[in-house]
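Please look over the model below before reading my points. They are meant to be checked one by one against the structure.

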Amino acid sequence: MAACSTVAPPSTSFIRNKKDLGLSAFSSASPLSSQKCKRTSKTICSVTAPKQSERKPATTGSVKTGMTMTEKIFARASEKTQLSPGENVWVNVDVLMTHDVCGPGSFGIFKKEFGQNAKVWDREKIVIIPDHYIFTSDERANRNVDILRDFCTEQNIKYFYDIKDLGNFKANPDYKGVCHVALAQEGHCRPGEVLLGTDSHTCTAGAFGQFATGIGNTDAGFVLGTGKLLLKVPPTLRFVMDGEMPDYLLAKDLILQIIGEISVSGATYKAMEFVGSTVESLSMEERMTLCNMVVEAGGKNGIVPADSTTYKYLEDKTSVPYEPVYSDDKARFLSEYRFDISKLEPLVAKPHSPDNRALARECKDVKIDRVYIGSCTGGKTEDFMAAAKVFLASGKKVKVPTFLVPATQKVWMDVYGLPVPGSGGKTCSQIFEEAGCDTPASPSCGACLGGPKDTYARLNEPKVCVSTTNRNFPGRMGHKEGEIYLASPYTAAASALTGYVTDPREFLQ
């Protein structure tokens, strides 16, 4: 496989095999032929052949080539035996999710195209989760939730996680919070299935060994009426992560490393498959963090093979039968990246891009104004446990305002109810209070994506924030001159204790 000399040299923590060589790279007229290329014996990259007319099976049986996990899920969902990257197929959708920001638009398109009195294709396969702009006095934001409620009543939607009393979220037993975490907790994520959602971070559910991706309102309107969508089969990049995970790293560091390596466009319309001993050692919530941010690399979907960890998580969450799939030994990957995680150090993504990777220790002189721990990326139970571990180890108080936004009502209950290991029975909430953090807020997407001016912890001024969220573009958390450093919960908590971007090893070793 060609590895061109124009590529930046890889860091010591991984081996890279060149990505994205198109058809021209393998032809004699290749524009790359004038560049100096070194060859290695390891061939991983493959080229998708142009689509051929359908071949009749030979008398000895049909010829099959190996398929990746993602290709197999597409094949099953489109009722085909064989698929290759680049093919467009009609896929049967297992679950469609929408929320308060995109639901009203999707419903409008559905009614415009299918008729004012049309019925959805399957009321039990649609999951509607208000979560984005909830705890606000903004009338248009409140109206969006009302539109969700009206549609769900009209269509008799089985899974609508409603909220009516904004003053006390606990008075709403059906209310969950952040859709991507709620989907997992409520048993809507299952290996081998197709889950589509009107949110780019729907890719989070790939942690369960399923195909999950974000779609637009027009596509969602079509799925509401038909249960199908025309999708192109993506090629797959494979990320092999081995080595024992140091106790100062979290999955957020792994995905920041990958995005920093391949850039925010390095996986555009590609599946990102995560394998290796490190990935196998991760909990479900950590696998969700890994898959959550594939879209920040341009990925179509992220996917982790289902295993005993997956099945144990699902035991008490779903009774729907599911069938996992795994990549064939002879599956074709566009390229493969290998990482030795034991050598990785805590990372941040500096403003204003998720691929602006730096070592946390290299940013120790960056003074910060606040810390934000929350979102689908960094607001899960284990994320708060990780932050509490750092506060507990330090025994100190935070030096900057530290905002905590549990992703869901269940996470909020865990923050107040679960003892932190090694704390003598203290809960996260007790440790946070002793450290001087803000009281954990009502569960929602919060300030991750700015939102209305009265959103809790929104950047309404040009401040510097270390955040466990997923994007740090200008204006993402509110003020367009705000500066956001993306980090793991360990790094975020360590930074809160010093008032500067801080490597968590200062407190964890």
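1. Helices (H or I, at least four residues) and strands (E, at least two) are DSSP runs, numbered from the N terminus. This is a predicted model, in which local features need pLDDT of at least 70, side-chain atom pairs count only at pLDDT 80 or more, and totals for chains, interfaces and linings use all residues. Residues are numbered from 1 along each chain as its sequence is written, and side-chain values use heavy atoms, with hydrogens and water left out.

2. Helix α5 itself spans residues 217-226, and A220, G221, V223 and L224 are buried in it. They lie on the same side of α5, because they cover an arc of only 165 degrees around the axis. Buried means under 20% relative accessible area, exposed over 50%, and partly exposed in between (1.4 Å probe, protein chains only). The arc is taken from the directions from the helix axis to the C-beta atoms.

3. What covers the buried residues of α5 includes β5 (95-99), α2 (103-114), β6 (126-129), β8 (194-197) and β10. Contact means heavy atoms within 4.5 Å.

4. L230 sits in strand β10 (residues 228-232). L230 is partly exposed, at a relative accessible area of 43%.

5. I341 belongs to the loop between β14 (335-340) and β15 (347-349). I341 counts as buried, because its relative accessibility is 2%. Between I341 and P246 there are 7.8 Å in space, C-alpha to C-alpha, and 95 residues in sequence.
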